[in-house]
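Let us walk through one structure and look at its charged side chains. Keep the sequence at hand as you read.

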Amino acid sequence: MGKVEHYLLGMDCGTTNIKAIILGEDGSIAAEAGLPSRFLRPGPDMQEQDAMEWWSNAAYIIKTLCEQAGPQIVKKIRGISVSSHTVSLLPVDAAGNPLREAMTYQDSRSVAELNDILNEVGRERFIRIVGGQPSVAFLPNKILWYKKNEPELFAKTAFFMQASSFINYKLTGVMTSDIDQATRTQCLDISTMNWSDEIGNAIGVDLHKRMPPLKLVNEIIGTVTEKASAQTGLPAGIPVIAGCSDAMASMFATGMGRLGEAGESSGTSSLVFVGSDTKSAPDVAVVTKPCPIDSMPWVFDAPIQSSGAALRWFIETMGAQEWDYADSHNKDVFVYLNEIALQAVPGAHGLFFFPYLMGERAPLWNDYARGMFIGMGSDMQRSEFVRSVFEGTAYALRHVMETIKEAGGKADSLRICGGGAKSRTWSMIKASMLKMPVSVLDERSGDVPVGDALIVGHKVGVFPDLPKASERIVKVKEVIQPIDEWAKVYDQLYPYYIDMYRHLDEDLKNLKQTIACM
C-alpha cells in the first residue's frame with residue numbers, strides 16, 4: 001500500500017484485562033499494550049470492579065501506545081473505538097463520578113429482585129419486551145437491588161453506565177449508551193428500540209432519565225478533550241465513536257463481511273455470530289440485534305458458557321495421565337489431547353458429553369443445567385472420553401446454530417478465532433457437525449481491539465469498503481471441509497443429544513432446588 005497515512009485506536013475493556021492497539025490502514029500493528037483488571041468480591045455471589053481503575057488503566061495503556069508508536073504515527077490517528085464486557089451496573093452522579101464499584105454481569109446477588117420483576121411483569125411478557133430470557137446477569141434486577149439496599153447512593157445517581165461508555169466519557173466528556181449494549185441490558189424494549197416503560201415501572205425507575213442517551217455503535221459522540229489529552233498523550237480532537245460490547249467487536253474481528261458467513265470467537269466460553277436480513281421475533285431463544293455491517297442489518301450473537309472451559313476442566317480433573325505423558329514427551333497437553341481424540345471413532349461409540357459445567361446460556365438460558373457423561377460402558381477407552389468432550393461442545397454449537405437458523409439466521413460457513421482455533425481436531429469436528437466449511441483464522445485475527453479499529457475505521461472513511469478491509473487485515477490460516485463419514489454419524493446422533501437433555505431438564509431444575517435447601 002506504500003506509506004501508511006491513517007491509523008485507528010481500538011480498545012477492549014474485558015473483565016480480566018484491558019488491551020488496546022494502534023492499527024494501520026494496511027493492517028500493521030503500530031503499538032499494542034494491556035493491563036490486568038482486578039476483581040472485587042465483597043460478599044457471597046458478589047463480583048465488582050473499580051470504574052476508576054478502568055480509566056486509570058485505560059489512560060496508562062493509551063499513553064504506552066503513544067510512546068511505542070511515536071508522535072509521527074500518533075498524529076495520524078483518525079478515530080477511536082472502545083468496547084467492553086457487558087452488562088455492568090455502574091451508577092454515576094451528575095458530574096460523572098462513580099458512586100460505588102461496578103457490579104459485573106457475573107454478580108448474582110439480585111436473584112430475589114429478578115423474581116420480583118418477573119412476578120410483576122410476567123415472564124412471557126418480560127421476554128417479549130426485552131427479546132431474551134431473564135437472567136440475574138442483566139440490569140433491571142441489579143438496579144432494583146441497588147435502589148432497595150443503597151438508597152442514599154441511589155438518590156445521588158444521575159445515570160447508569162457501562163465500562164466502555166465510562167471510558168468514552170472520560171475521553172470526550174459526553175455520556176452515552178451504545179445501542180448494542182443497550183439491547184443487552186434487558187432495560188430496552190426491542191420493539192421500539194427505546195428504554196422500556198414497563199420494565200422501568202416494575203423497578204420504580206424512569207429509565208429514560210437514568211440511562212444516558214442512546215447512540216448507534218458507529219456514531220461519533222465527541223472528540224478527545226484537552227483534559228483527556230493531558231492524561232493519555234493523545235492529540236485533542238480525535239473522533240470517538242459510541243462503541244459496543246466485546247461480543248460485537250469480536251464479530252468484526254472474525255472478518256465477517258457478507259450474509260451467510262458465521263463467526264465463532266472460541267475461548268474459555270464461545271460467542272457465535274450469525275447475520276440475518278430480517279429482525280427476529282422477540283420470543284425466540286436467541287434474538288437479533290442491530291448490526292452496522294452494510295450487508296447484514298441484523299445479527300444473532302449467542303454465548304455458549306463452556307467450550308474451552310470444558311476441555312480445561314477435563315484436563316485438570318480427569319487428565320492426570322495426559323498431563324504426565326505430555327510432560328514426559330515434552331508436548332503441550334492440549335496438542336496431545338487433539339491426538340488422542342482422533343484415536344476414537346466419530347460419535348465415541350455413543351458416549352455423549354454435555355458441556356453444561358456452569359449452566360448454559362444460549363439457547364437453554366438456565367443456570368441449573370449440569371455437565372454430564374451419558375452412555376459410558378466398561379469397554380470405553382480414554383480416547384473416547386476425550387473425543388466426547390470435543391464432540392459435546394460441538395453438539396452445543398450445532399444446537400445454537402440450528403436455533404438461530406430456525407429464527408431466520410443465514411449461515412453457510414464458519415470463521416473461528418481465539419484459542420479454540422488452535423485445535424485442528426476440534427475444527428474438523430465442528431465442520432463435520434455443522435456440515436459447513438470452517439475457516440481457521442491466524443492468531444492475530446480475532447483480537448477484539450482489531451474489531452474495534454475496523455468499526456471506527458469504516459466510520460471515519462479509512463476503510464470505505466469494510467469487507468475488503470476485513471479480508472486484507474483478518475487472515476485465514478486454513479479452510480477445513482466437513483468429513484462426510486463424520487457428518488453422517490453426527491446427523492444420526494445429534495437428535496439423541498437434544499432429546500436426552502430435554503428429558504432431564506425438569507429433573508436438573510428440581511435437583512438444584514433440592515440441593516439449595518439442604
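How many salt bridges does a search of the whole structure find? It finds 30. The model is predicted. Side chains of opposite charge can pair when their charged atoms come close.

Start with Arg100 and Glu150. They form a salt bridge, and their closest N and O atoms are 2.7 Å apart. Arg100 sits in the loop between strand E6 (90-92) and strand E7 (102-103), while Glu150 sits in the loop between helix H5 (139-149) and helix H6 (151-156), so the pair ties together parts that are 50 residues apart in sequence.

Next, go to Arg125 and Glu198. Here the closest N and O atoms of the salt bridge are 2.4 Å apart. Arg125 belongs to helix H4 (residues 123-130) and Glu198 to helix H9 (residues 197-203), so this pair links distant parts of the chain, 73 residues apart. Arg125 is partly exposed at 38%. Glu198 is partly exposed at 35%.

Now turn to Glu322 and Arg382. Their salt bridge has its closest N and O atoms 2.7 Å apart. Glu322 lies in helix H14 (residues 320-328), and Arg382 lies in helix H16 (residues 382-406), 60 residues apart. Glu322 is buried, with a relative accessible area of 2%. Arg382 is partly exposed, at 33%.

Finally, return to Arg100. Salt bridges with shared partners join Arg100, Glu150, Glu48, Asp107 and Arg109 into one network.

Note on methods: Residues are numbered from 1 along each chain as its sequence is written. This is a predicted model: local features need pLDDT of at least 70, side-chain atom pairs count only at pLDDT 80 or more; totals for chains, interfaces and linings use all residues. Side-chain values use heavy atoms; hydrogens and water are left out. A salt bridge is a side-chain nitrogen of Lys or Arg within 4 Å of a carboxyl oxygen of Asp or Glu. Helices (H or I, at least four residues) and strands (E, at least two) are DSSP runs, numbered from the N terminus. Buried means under 20% relative accessible area, exposed over 50%, partly exposed in between (1.4 Å probe, protein chains only).
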